[in-house]
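The sequence and the structure come first.

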Amino acid sequence: MKLMHTKLPDFYKKIKAAAKKLRPDTDFEVRGLESFKTAKLASLRVGRVEDEIFEITQDPGVKKVEVIAVPYNPESMFTIVVKGIQEDGSCKKAILENMYVSAPTEENELFGVKEIDDRRTGNRQ
Amino acid sequence: MSKFRYRIIPQGAADGIVPLNLVYIDKKDIDAAGISAFDACKAVGKALGDDCAAVNVMDMDAITVTSDGIVADGAVVALAAVDHAMMNKVFGFMNVSEITYSDKVIKDEPHMKQWLEDCYKGRKLFRGPNTQDRGERSSHNENMSMTGRIVNNNTGSETMNVVDMTEILIPFFGQYEIMTGGEVLIGIAGPVVSVGIGMVVSERHGRIFGSDNLGSYRAGMTAHNSGVFAKTVKQDYPVIASKKSVLAEYTLRALDIGLVPGKDIGSSPAVLSLAKAYGKPIAFDNITERAWIELESVGITRQWLKEAVKPMSRSEIIAHADEIIPGVENGKVYKVSDLVEFKEAEA
């Protein structure tokens with residue numbers, strides 16, 4: 001079971017290593033998951049991303065790899081938890097509220113890209 | 001590949017007020033070319049290159065219903081968001097299916113008695129998407145298409161650029177005028193419109209709300225439920241509306257058949273002001289206290305509405321609609337022909 005799951009910190013290490021595998025001086029940036037302190041990712045999919053990063057660097061013109069996580073569903077419903085914290089650090093009362101967060105779709109990261117190779121699984125139009 | 005024409009109100013139109021490209025495709029034009037709404041929207045995206053747009057596909061033989069619960073000529077039958085020649089595969093396009101006539105629609109949604117009138121009887125009805133049309137949007141608050149910078153929301157009547165945070169409202173009668181080459185009133189939505197758009201009716205598959213179940217907001221309630229802050233929601237945003245005389249005409253049709261604001265149709269400032277001027281009843285006690293707080297914050301008070309006034313005739317109301325119906329700040333009337341460019345795309 002351990003191998004089926006990749007911890008988030010390990011994901012970051014793996015994808016950075018994949019970016020620098022062919023040319024160690026390749027610049028690297030990952031963004032989009034900053035609000036997750038901890039998460040589990042499917043190792044098979046992490047492995048695919050590692051391979052795809054390595055594949056992207058096959059183009060000798062690539063100087064930097066960017067890996068951006070964009071929510072699949074561009075309007076996410078959040079629960080906002082408002083907590084009043086006492087001096088001793090405890091919380092006597094919390095108020096919950098709905099919040100819809102509408103953010104640009106993945107197309108926002110694709111402006112001007114000449115070739116888009118969509119390997120996502122699932123049924124799409 | 002076939003060509004078809006589309007209308008575009010470009011970004012910057014109307015003395016710079018329109019913040020983003022608005023595209024309207026007449027279903028007749030794409031049917032004639034054998035092109036689907038989906039392919040047409042994609043083709044417009046490609047035609048616009050690096051630019052972005054909200055795209056509505058319109059069936060002007062059909063009917064729809066405004067957020068007030070007033071039936072209108074024409075309907076949005078598909079909506080899309082396009083950017084940099086892309087249309088998001090899952091969220092970028094939304095079909096709006098026909099709502100077929102049944103006695104249950106009339107029974108469950110009293111404002112739909114308008115559908116029995118000669119001018120609307122037998123015409124196809126489109127309002128908002130059904131569950132299948134919504135697809136993977138089950139968690140979404142409202143009915144929208146999204147691609148890149150553009151969100152085309154509320155079945156095509158509220159559109160925004162979510163990167164530069166500009167936005168424009170195009171209430172349905174404004175879209176009707178765009179499609180028929182009439183005149184539009186363009187200005188800032190302001191506090192009255194901000195309050196008005198929250199005063200919805202209960203429907204299945206409404207333009208804004210309502211799934212397979214009746215929407216939980218009924219006539220007399222406010223969907224904004226924001227007290228004195230409701231008037232701020234769109235107060236700085238532009239709006240493309242019809243002239244108030246057009247809004248008056250359609251609203252009077254609903255009042256003529258005995259529909260009551262706050263009970264059958266929405267209790268927006270516009271509808272309430274028209275009912276007062278026309279001497280028609282208002283369901284004061286059915287309008288909730290939360291709705292009254294919002295209405296009274298823009299001067300639509302119970303006391304004012306209950307003032308004894310000599311009812312005006314239909315023609316008087318239409319002639320004086322600008323004075324009777326509040327809302328839209330610094331509005332200016334534009335000929336649609338001065339705003340719309342006709343272009344061609346290929347699909």
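A crossing of two helices is left-handed if the near helix is turned anticlockwise from the far one by less than a right angle, and right-handed if clockwise. Helices (H or I, at least four residues) and strands (E, at least two) are DSSP runs, numbered from the N terminus. This is a predicted model, in which local features need pLDDT of at least 70 and side-chain atom pairs count only at pLDDT 80 or more, while totals for chains, interfaces and linings use all residues. Residues are numbered from 1 along each chain as its sequence is written, and chains are lettered from A and ligands numbered from 1 in the order in which they are written.

**Helix packing**

Two packed helices are described by the angle between their axes and the distance between the axes. Here axes are lines fitted to C-alpha atoms, for helices over the stretch in contact, and angles run from 0 to 180 degrees between N-to-C directions. Angles under 35 degrees count as roughly parallel, over 145 as roughly antiparallel, 65 to 115 as roughly perpendicular and the rest as oblique.

In chain B, H8(B) (residues 244–256) crosses H9(B) (residues 269–278) at roughly 70 degrees, and their axes come within 10 Å. The two helices are therefore roughly perpendicular, and the crossing of H8(B) and H9(B) is right-handed. H8(B) brings Leu247(B), Ala248(B), Thr251(B), Leu252(B) and Leu255(B) to the contact, and H9(B) brings Ala270(B), Val271(B), Leu274(B), Ala275(B) and Tyr278(B). Two residues are in contact if their C-beta atoms, placed from the backbone, lie within 7 Å. The class count for H8(B) with H9(B) is nine nonpolar, one polar and no charged residues. In these counts Ala, Val, Leu, Ile, Met, Phe, Trp, Tyr, Cys and Pro are nonpolar, Asp, Glu, Lys and Arg are charged, and the others, Gly among them, are polar.

In chain A, the axes of H1(A) (residues 8–20) and H2(A) (residues 43–56) come within 8 Å and cross at roughly 25 degrees. At that angle H1(A) is roughly parallel to H2(A). The contact joins Phe11(A), Lys14(A), Ile15(A), Ala18(A) and Ala19(A) of H1(A) to Val46(A), Val49(A), Glu50(A), Ile53(A) and Phe54(A) of H2(A). These residues comprise eight nonpolar, no polar and two charged. H1(A) and H2(A) also have a right-handed crossing.

**Domains and interface**

Chain A is assigned domain 1 (1–69) and domain 2 (74–110), with bounds that come from an automatic or database domain assignment. The C-alpha centres of the two domains of chain A are 27 Å apart.

Between the chains, 15 residues of chain A are in contact with 19 residues of chain B. On the side of chain A that touches chain B, strand S5 (75–85) and strand S6 (91–102) of chain A each supply at least two residues. That side of chain A has seven nonpolar, five polar and three charged residues.

**Individual residues of chain B**

A residue is buried if 20 or more other C-beta atoms lie within 10 Å of its own, exposed if 12 or fewer, and partly exposed in between, with C-beta atoms placed from the backbone.

| Residue | C-beta atoms within 10 Å | Class |
|---|---|---|
| Ala14(B) | 17 other C-beta atoms within 10 Å | partly exposed |
| Ala54(B) | 28 other C-beta atoms within 10 Å | buried |
| Ile170(B) | 26 other C-beta atoms within 10 Å | buried |
| His205(B) | 25 C-beta neighbours inside 10 Å | buried |
| Ser211(B) | 15 C-beta neighbours inside 10 Å | partly exposed |

Ala54(B) lies in strand S3 (residues 52–65) of chain B. Apart from neighbours within four places in sequence, Ala54(B) is in contact with residues including Leu22(B), Ala81(B), Ile150(B) and Thr159(B). Its C-alpha atom is 9.1 Å from that of Asn153(B), 99 residues away in sequence.

Ile170(B) is in the loop between strand S9 (166–169) and H6 of chain B. With neighbours within four places in sequence left out, Ile170(B) is in contact with Leu22(B), Ser157(B), Thr159(B), Gln175(B) and Ile240(B).

H6(B) (residues 172–180) has eight of its nine residues buried, so the helix is largely enclosed by the rest of the structure. Among the buried residues of H6(B) are Phe172(B), Gln175(B) and Met179(B). Gly181(B), which follows H6(B), has a positive phi near 65 degrees.

Positive phi also occurs at Ala14(B), near 55 degrees in a residue other than glycine, and Ala14(B) is in helix H1 (residues 13–16) of chain B. His205(B), not a glycine either, has a positive phi of about 50 degrees. The loop between helix H7 (190–196) and strand S11 (238–242) of chain B holds His205(B), and Ser211(B) is placed in the loop between H7 and S11 of chain B as well.
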